[in-house]
Each structure stands twice: as structure tokens, then as C-alpha cells.
Amino acid sequence: MAISRTTFYFLLLTLFLAGFWITPVSAQGPTPTDDDVNRIAKQMYCPVCENTPLDVCPTEACRQWRDLIRTMLAEGKSEEEIKQYFVAQYGIRVLAEPPNRFATYLIPTVAILLGALLLFRGFQMWMKPTKTEVTAVDTEPKSIQDSYIARLEEEVKKQK
Amino acid sequence: MTETSIPAPRRGVPIWIQIIIWVVLVGFLVIVALQLQRAQQGTAQPGQVIDNFTLPLFSGHELNGKSEVRMADLRGKVVVINFWASWCKPCEQEAAELQQAWMEYEPTGQVVFLGVDYVDTEPEARVYLKKFGITYPNGPDLATRISQYFRIKGVPETYFIDQAGVLQYVQIGPFSSVEQIRTQIDALLKQRD
């Protein structure tokens, strides 16, 4: 079936405009954005490349991990579920911050408080004025002194 | 009459505080020393008896239909444990050699190969296994427990364990030939005869 030139251009224009219409719709689809992935990735570290957060690590292993995060987000997994999965798979050391466990914060808090208490007690004792010197008078018995003076006077008299 | 100075007893830090400070300091030093010792130990050394561990296996890569393998169940066999990852390029160099060696020794029933997938994602790992046609039991190193036990420094690394569960040889880096793998396995098989 032959179509007129006008119809052909009309169809072409329609397809062209439809392209503009579809593009923004597909960008809002279920595929998570890089920002979505990096929001979770920056909270994790890969054991292969220590000290480099997952969101900026350039290695192949980390790229795979980011892809996995993207897949899990697309599947509708929550941030917490994804982190739990990574901990189960690769160990707790993948987390940039330890999970909110009682012991995680209790031990450092107790250690700091104990240290502060020890320092306080130590300073308190070191700062306390101490009795540095006690002056004592040699309390020689008076009778001994008297006899000594008597003998001395006697000797002086003899000299005269 | 004379004057003398008698120093008064000076009050210091109580003995119990001193003891606590010393105990804490010594404890801290012991922890640091143990960590340093562990860091300098390197990988597991030949002669070490390998403790029991469990490796979950990928579906399609089970051992005798079981979805996990316990090291203790493999006593009496030579065990070759290969640490690998799909992102590891040197691992690809030895993949074909390992598979070929497995094909040779599997029928004997005296040797078991175990692939331990280190810090990897399952989809990529499956692609790797398929790409190199690997059929021996393989599974993920969950929470990196097995690699931490062997104190691996990277991948690939391969550990040869004899029939008594004693580590006999460690290969750091990829194998360059099947012959290299055969040499180690045959030595362990002969050891028993």
C-alpha cells in the first residue's frame, strides 16, 4: 500500500517527537542511578582494596560490587538488606562503620570514663599540698644540758 | 639545740590505680604484639594440620550431590584448595590447567579439588566458571573465613593437603603448566603408598 509524501513526513515527525517523549520516561524507570548506588557504596569497603571506599574504588572487584548493589536496588531491596547481604557474604569488615551494637559503643565509653577517672584521681593526689618539712627541735634532756653548762663554768673558773 | 628536717611521707598514686594502669598497658602491648605476629606470619605453612571448615557450594558445582563440603569428611584424600576470583586476571592463566588436572584425577577418587571464590559476586563467578568449563566443586568464601584461616595474601593461591589433613605445599600465584600440579599431587599420592 502506497502512502503519500505528506503522510510519510507526518509519520516521520511523529516518530521523531515520540523519541523526545520516551527518553525522559525511560530515565525515570526502575534502574537505580549512580547516586543511589554510591549512597550505599560509600558506606562500604572492599577487603581487596583496603582504605578505599567502594564508591570511588577503581578496581574490577569493586565495580562488580557496585553492579551487585545496583541489581539489588532494582530488585527492590532496601539499603539495610543490601548491607546485611554484603556482611553475610564478605564479613563485617566491609562496613565503614560498625553496626549499632551495644558493645561497640559500651567498651570505648567505659574505657574513656575509666581513664578519665584515673587521671582525675591521679591529678587530685598530685595537686594536694603535702607537709614538706616538719621542723623538729632536738629535745635533749635539760638535766644533761645543765650538767654540761655546769662543767663548762667549772672549767672556766679553773682557768682563771 | 639542733634543728633537723624530717621528710613527711609523700602521698602518691594508690597502688591499685598503679596496678590497673600497668595491667592495661601490658594488655595493650600484648594485643599489638599478637597482631604484629599474625601480620608477619604470612600464609599457612606446610606442616600445619588444617582444621575442619565448611565450604558451601554453588549449585551445579556440588560434590557428590552435597551442597556443602566439610574438610573433615575429606580425610584420606588429597585435597587441592584453589583460591580464585572472577576479577583476578592471573587466575584465568591457570583455570584451564586446574580443570585438566581435575579431569585426570577425578576418576581415581583419591583427589578432591575445591575452588574457593574469594570476595566475588555470584553472577560474575558463574560466568567465569562457565567460561573456563570448570566442573570441580566450587563455592563462595562466606565472610572470608576460609581465606582468613589460610591467611592468603591474594589470588590465585593453591594449597595441597595430604590424606592426613596436613598442609604439604603452597603455590602462590598461577600454575604455568598441568605438570606443575601433577608433580605435587603425585608426590602426595606416593607418600601414602
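Does B:R145 count as buried or exposed, and how many C-beta neighbours does B:R145 have inside 10 Å?

Guide: B:R145 counts as exposed because 12 C-beta neighbours lie inside 10 Å; exposed means 12 or fewer other C-beta atoms within 10 Å, buried 20 or more and partly exposed in between, with C-beta atoms placed from the backbone. The model is predicted, and local features need pLDDT of at least 70, side-chain atom pairs count only at pLDDT 80 or more, and totals for chains, interfaces and linings use all residues. Residues are numbered from 1 along each chain as its sequence is written, while chains are lettered from A and ligands numbered from 1 in the order in which they are written.

B:R145 lies in helix 4 of chain B; helices (H or I, at least four residues) and strands (E, at least two) are DSSP runs numbered from the N terminus. Between the C-alpha atoms of B:R145 and B:V119 there are 11 Å in space, although 26 residues separate the pair in sequence.

The loop between strand 6 (138–140) and helix 4 of chain B holds B:A143, and B:T144 is placed in the loop between strand 6 and helix 4 of chain B. Most residues other than glycine have a negative phi, and most peptide bonds are trans. B:A143, however, has a positive phi near 55 degrees and is not a glycine. B:T144, likewise not a glycine, has a positive phi of about 50 degrees. B:A143 counts as partly exposed because it has 16 C-beta neighbours inside 10 Å. B:T144 also counts as partly exposed, since its C-beta neighbours inside 10 Å number 19.

The peptide bond that joins B:V155 and B:P156 is cis, with omega about 0 degrees.

A:A61 is one of the residues with the most contacts inside the largest nonpolar core, which has 61 residues. A nonpolar core is a set of buried Ala, Val, Leu, Ile, Met, Phe, Trp, Tyr and Cys residues joined through C-beta atoms within 7 Å. Other residues with the most contacts inside this core include A:C46, A:I69, B:A85 and B:L114.

A:I69 also takes part in a meeting of two helices. In helix 2 of chain A, A:D36, A:V37, A:I40 and A:A41 meet A:R66, A:I69, A:R70 and A:L73 of helix 3 of chain A. The axes of helix 2 (residues 34–41) and helix 3 (residues 60–74) of chain A come within 9 Å and cross at roughly 115 degrees. Axes are lines fitted to C-alpha atoms, for helices over the stretch in contact, and angles run from 0 to 180 degrees between N-to-C directions. Helix 2 and helix 3 of chain A are therefore roughly perpendicular to each other; angles under 35 degrees count as roughly parallel, over 145 as roughly antiparallel, 65 to 115 as roughly perpendicular and the rest as oblique.

A second pair of helices joins the two chains. Helix 5 (residues 102–127) of chain A packs against helix 1 (residues 15–41) of chain B at an angle of about 140 degrees, and their axes are 11 Å apart. Helix 5 of chain A and helix 1 of chain B are therefore oblique to each other. From helix 5 of chain A, the contact is made by A:L118, A:R121 and A:G122, and from helix 1 of chain B by B:I17, B:I20 and B:I21.

Chain A as a whole has six helices and one strand, in the order α-α-α-α-α-β-α from the N terminus on. Of its 160 residues, 13% count as buried. Within helix 6 (residues 142–159) of chain A lies A:S147, which is exposed because 11 other C-beta atoms lie within 10 Å. From A:S147 to A:D36, C-alpha to C-alpha, the distance in space is 105 Å, and the two are 111 residues apart in sequence.

Technical notes
Two residues are in contact if their C-beta atoms, placed from the backbone, lie within 7 Å.
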